[in-house]
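Subject: Structure handover

Hello,

Here is the structure I said I would pass on. Please open it and keep it beside you while you read.

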Amino acid sequence: MEADRLRSTIQEAFSNVSVPAGRIVSCPCPECEQLQVTFGGRQWASLSTHEVFIEAMSLSLLTLEAFHYYLPAYLCVSLQNDDESWDVRFQTTVFLGELLSKHPGEWADERQLVLSPNQVSAVVAYCEFIALTDEELIEEATKAHDQWVSLLDHEQ
Ligand SMILES: [Zn+2]
């Protein structure tokens, strides 16, 4: 699958998710406040590469609803070919692969279960694409792929 087609697949899979109305972080620390100010109320597709890059490690700070909405921003920026996008790709792929091992329990479970089968398929396709196209991230992308594809098996 080409990057452009994968981007469309991701956009389509997440097109039915609405911008979170309220706060997108639950913690009042400066780091989370910054994320609230940058992303809060914004359409994910309107976030610039640089804005996502600045928040490359922030997926775990988002509320469940905000994680569901803003994940495609991370996935789509990750498919671009520049240094900032690569950093987002690295952090996002590691996050997807370590979700269950790093945050075992309800927190991680609900972040996987909030995604529809279509959205999980898009995440799996993303991981496959990264494993095939980025030599530096084969290990991380394969780990992420295995974790998310098993979720799809359970749903079928
Ligand atoms: Zn915080």
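Below is what I found, from the whole chain down to single residues.

Please note that this is a predicted model.

Overall fold. The chain has eight helices and zero strands. Along the principal axes, the C-alpha atoms fill a box of roughly 35 × 35 × 30 Å. Buried residues make up 34% of the chain. Take the contacts between residues at least 6 apart in sequence: 69% of them join residues at least 24 apart.

The core. The largest nonpolar core has 39 residues. Those with the most contacts inside this core are Ile 10, Tyr 70, Ala 73, Tyr 74, Val 123, Tyr 126 and Cys 127. Two or more residues come from each of helix 1 (3–13), helix 2 (30–39), helix 4 (64–78), helix 5 (83–102), helix 7 (117–133) and helix 8 (138–155). Helix 4 gives the most, with ten residues. In general, nonpolar side chains in soluble globular proteins tend to be buried together.

Beyond its neighbours within four places in sequence, Tyr 126 is in contact with Leu 6, Ile 10 and Leu 75.

Helix 1. Which residues of helix 1 are buried? They are Leu 6, Ile 10 and Ala 13. These three cover an arc of only 70° around the axis, so they sit on the same side of helix 1. An α-helix has 3.6 residues a turn, so residues three or four places apart point the same way. On the other side of helix 1, Asp 4 and Arg 5 are exposed. Helix 4 and helix 7 are among what covers the buried residues of helix 1.

Arg 89. This residue lies in helix 5. Is Arg 89 buried or exposed? Arg 89 counts as buried, because there are 26 C-beta neighbours inside 10 Å and the cut-off for buried is 20 or more. Leaving aside neighbours within four places in sequence, Arg 89 is in contact with Ser 78, Ile 130, Asp 134 and Leu 137. Val 149 is 60 residues away from Arg 89 in sequence, and the two are 19 Å apart in space, C-alpha to C-alpha.

Best wishes

Technical notes:
Residues are numbered from 1 along each chain as its sequence is written. This is a predicted model: local features need pLDDT of at least 70, side-chain atom pairs count only at pLDDT 80 or more; totals for chains, interfaces and linings use all residues. A nonpolar core is a set of buried Ala, Val, Leu, Ile, Met, Phe, Trp, Tyr and Cys residues joined through C-beta atoms within 7 Å. A residue is buried if 20 or more other C-beta atoms lie within 10 Å of its own, exposed if 12 or fewer, and partly exposed in between; C-beta atoms are placed from the backbone. Helices (H or I, at least four residues) and strands (E, at least two) are DSSP runs, numbered from the N terminus. Two residues are in contact if their C-beta atoms, placed from the backbone, lie within 7 Å. The arc is that of the directions from the helix axis to the C-beta atoms.
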